[in-house]
Amino acid sequence: MSETLAPAIVSRPVQKGDHVFLVDGSSYIFRAYHALPPLTRKSDGLPVGAVAGFCNMLWRLLKDANETGVKPTHLAVIFDHSSTTFRNALYDQYKAQRPEPPEDLRPQFGLIRKAVVAFNVPSIEQEGFEADDLIATYTKQAVAAGADVTIVASDKDLMQLIQPGVLMLDTMKGKTIGRDEVIEKFGVPPEKVVDVQALAGDSVDNVPGVPGIGIKTAAQLIETYGDLETLLARAEEIKQPKRREALIANAELARISMRLVTLDCDVPVNEPIDRLGVRPVVGEQLISFLKAMEFTTLTGRVAAATGVESGAVEANDALIAKGRETAPAAIGPDGAPQPAIEDIGGLTPASLAAARASAVKAIPFSHSGYETITTEDRLWAWVARATELGVVAVDTETTSLDPMQAELVGVSLAIAPNEACYIPLAHRGEGDGLFTEGLIEGQLDIRTALAILKPLLEDRAVLKVAQNLKYDWLMLARYGIDTAPFDDTMLISYVLDAGRGTHGMDPLSEKWLGHKPISFDDVTGKGKARITFDRVPIERASEYAAEDADVTLRLWQVLKPRLAAEGMATVYETLERPMVPVLASMERRGISIDRAILSRLSGEFAQKAGALEAEIQELAGQPFNVGSPKQLGDILFGVMGLPGGTKTATGAWATGASILEDLAEQGHALPQKILDWRQLSKLRSTYTDALPTYLHPETKRVHTSYALAATTTGRLSSSEPNLQNIPVRTEAGRKIRAAFIADPGHKLVSADYSQIELRLLAEIADIPQLKHAFAEGIDIHALTASEMFGVPVEGMPSEVRRRAKAINFGIIYGISAFGLANQLSIAREEAGAYIKRYFERFPGIRDYMEETKRICRDLGYVTTLFGRRCHYPEIASKNASIRAFNERAAINARLQGTAADIIRRAMIRVEPALEAAGLNARMLLQVHDELIFEVPDAEVEPTLALVTRVMENAPSPAVSLSVPLNVDARAADNWDEAH
């Protein structure tokens, strides 16, 4: 085999009836780069994702041309050159704002040129001219010779070339662009596109245009006046003053823009069009290149199509030099080295993300490409394909929503749109027995299937994509599989759009893909008729599960580019994605509870609730069902005639907590007793009675579930059971926490950030008095009381400090005079005076609040110190109460969201730090600003020191705080004593 490759030149004059294909190579490079996830060659880590995408696109183009009968007689791939062009001399700001190409794309430019040569296709570029000018020149020459032309591109700048016999082909969308499509896009036919572009300009290429005139207006003007010069000559006739003045003042800019956007059809091309005759693919030559790149699947396809045994072809080291050069040179059509490409079209991350979304949405869903896997051979084939591509969507189907007790029924994979499969593992027929009984024949053995899947799911070179991956991670972890690396579409959506809708797969699919997926209810039924997934017929289950994986992969293709385009990649990579294994591990561990304590508390709460019921009946003057809102409303507002009653839509009296609190503040005893009774009843039903029912049958521990994407601010929430709503300051809440215990030989460690949101208020609002107090370790509540009430810190009465504490914390949450009055049991006027005095003493806090509201109104979101965006789209609502609620939420979000980010950073860092120190502590719970660990007795002291250090230093190096963080960490036999 020869040591170098140069295409065998086929000289064939272009004539009538020929068909010339001109591929916009620069466009292909960028589309290929963003069509696939980052991909590196396994042998040496060389980035090859764009090369792989480019080769697949070019092979598909050649293959489709053969299959459809639209065969080119002449073909070339045309690239931009790295040097400046005549347009830069005309206008020095042309493309001046173009971003630098990504670092991992740079070494692939030269390899892509080599790929074109390996395909035996001319690779054309020319100094001083853009690819579009070369395409325009070859198009003009082909048309003059009577040939048809297909321009393989989607670039709007090339649409001016469309004419009879000349079309564009967007292979990514499978769409042909002709005269009608140009009119649809620009509002004018192809021959007037340059006039419209000259007026509208182009921000990507930095073509100035006429300020204030967009595509739609430009099209209207050209339709009216015919062309740019006529329009400029008659500009004074235009009735709209701003439009008229803009055209007159910027006439020369418009003319310059016209020259910038008009393609040069008369480039003195170095390579004559006659030398672009189609050359046959040389199997050995192409396979040698593909093998050197380690593109196994495409190598096999080329081998099958060319009849060449790929195993008999050695990768040509001299041809590729194994691709290890850091800046490989391009190969020109004559085989000579060319400068590496630098000009990649000026596409911005935002425009690429939008293009990706449009391209993915344009692909219709088809279940015909879905496969049900029932043999080991087919599963091995799918694993091999996914391994080669480097990305696969994964979804598990199970018997319940509890990953700690659910049984695995099947697994689905997707590797491309409409290319997905389902692997049924444990489907059973009607009326059959438990998990190990009654399995439908023809399914793979679950242990065998998971053994085949395990290397793929743990392969660090293959990205696994899932929706709500934590569930799948937990399920697979129970079978000994550590799923990594991964992306989670739910979390990506959450990072991008927290506060702007939900992040479930079905609503995301409808929003971003325009597709309504098969719903879970569609396959399992609803209510009493619902069946578990293992009872769903395999054919129906396969359709549903494969589509889920397909949808997930497409959502990833749409959403992932937005992270970089919108500057949110760091938030996702450092605050969201790393939390999945952290929380999943905590959920697997669970925590022990003392059932005896809970049983005694249930009895105690029941007794107290009974006594309260008796008091309530006596105050009401008649017996009634205390738990009935309707009967309570009739008593309060009908019989007793208390003021402030309002009725709901059903006509019943409203008896919500806020109504009862208002009445209690006015001195009415019955509403307060009702509130006390409700609190006790809720604690009993939610915790003391319910917690024992959550004990896992095998671990004998309680395993809560944490939701990562449930709040706007980034705070975690827990459910089944909810351990974050246990009252912190009440005696009843403390008694419940005492029921959470350490295993024998261990202690529970509670590590709690002290006053973190007040510290962040001092930091973000830049309040000198508060910052000084925290820096010096001064009691912040005593300081506030001293500032407000003129009372010395030394010997301060506890009641005065308590009032300052209520104000300090209340201000963060936008407390009203009424709310503060209720909390301190004082008159509303007095509470209002406190708040007014507070803002007078700390004016920076009021400034912070007003600034936050302004920012949120302008942007629709506020940002934490770590870059998380908390969206409040209704902050501009015309409804005053909705607007006020969103303003309060936005003010608090900057503080609460930053605090949430800090504790996430601590959680991500603390267990690796424990492991590195050789400590065996295990993180069990996260409750707001507190972390709970289970620690061997002998390791308590070093664990306390390490956890405190990690938590207090969690913000750095991402954020440097001038206000120190303080962590209170204690160890005890139960949560209450530790807290």
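A total of 52 salt bridges was counted, a salt bridge being a side-chain nitrogen of Lys or Arg within 4 Å of a carboxyl oxygen of Asp or Glu. The model is predicted, with local features requiring pLDDT of at least 70 and side-chain atom pairs counted only at pLDDT 80 or more, whereas totals for chains, interfaces and linings use all residues. Residues are numbered from 1 along each chain as its sequence is written, and side-chain values use heavy atoms, with hydrogens and water left out.

Helix H25 spans residues 595-620; helices (H or I, at least four residues) and strands (E, at least two) are DSSP runs numbered from the N terminus. Its 26 residues reach 36 Å from first to last C-alpha, close to the 38 Å expected, the expected span being 1.5 Å times one less than the number of residues. Buried residues of H25 include Leu601, Phe605 and Leu612 (buried, under 20% relative accessible area; exposed, over 50%; partly exposed, in between; 1.4 Å probe, protein chains only). Gly621, with a positive phi near 80 degrees, follows H25.

Lys608 is partly exposed at 39% relative accessibility, and Glu604 is partly exposed at 23%.

Asp743 and Arg701 also meet in a salt bridge (2.9 Å, N to O). This pair links distant parts of the chain, 42 residues apart. Asp743 is partly exposed at 26% relative accessibility, whereas Arg701 is buried at 6%.
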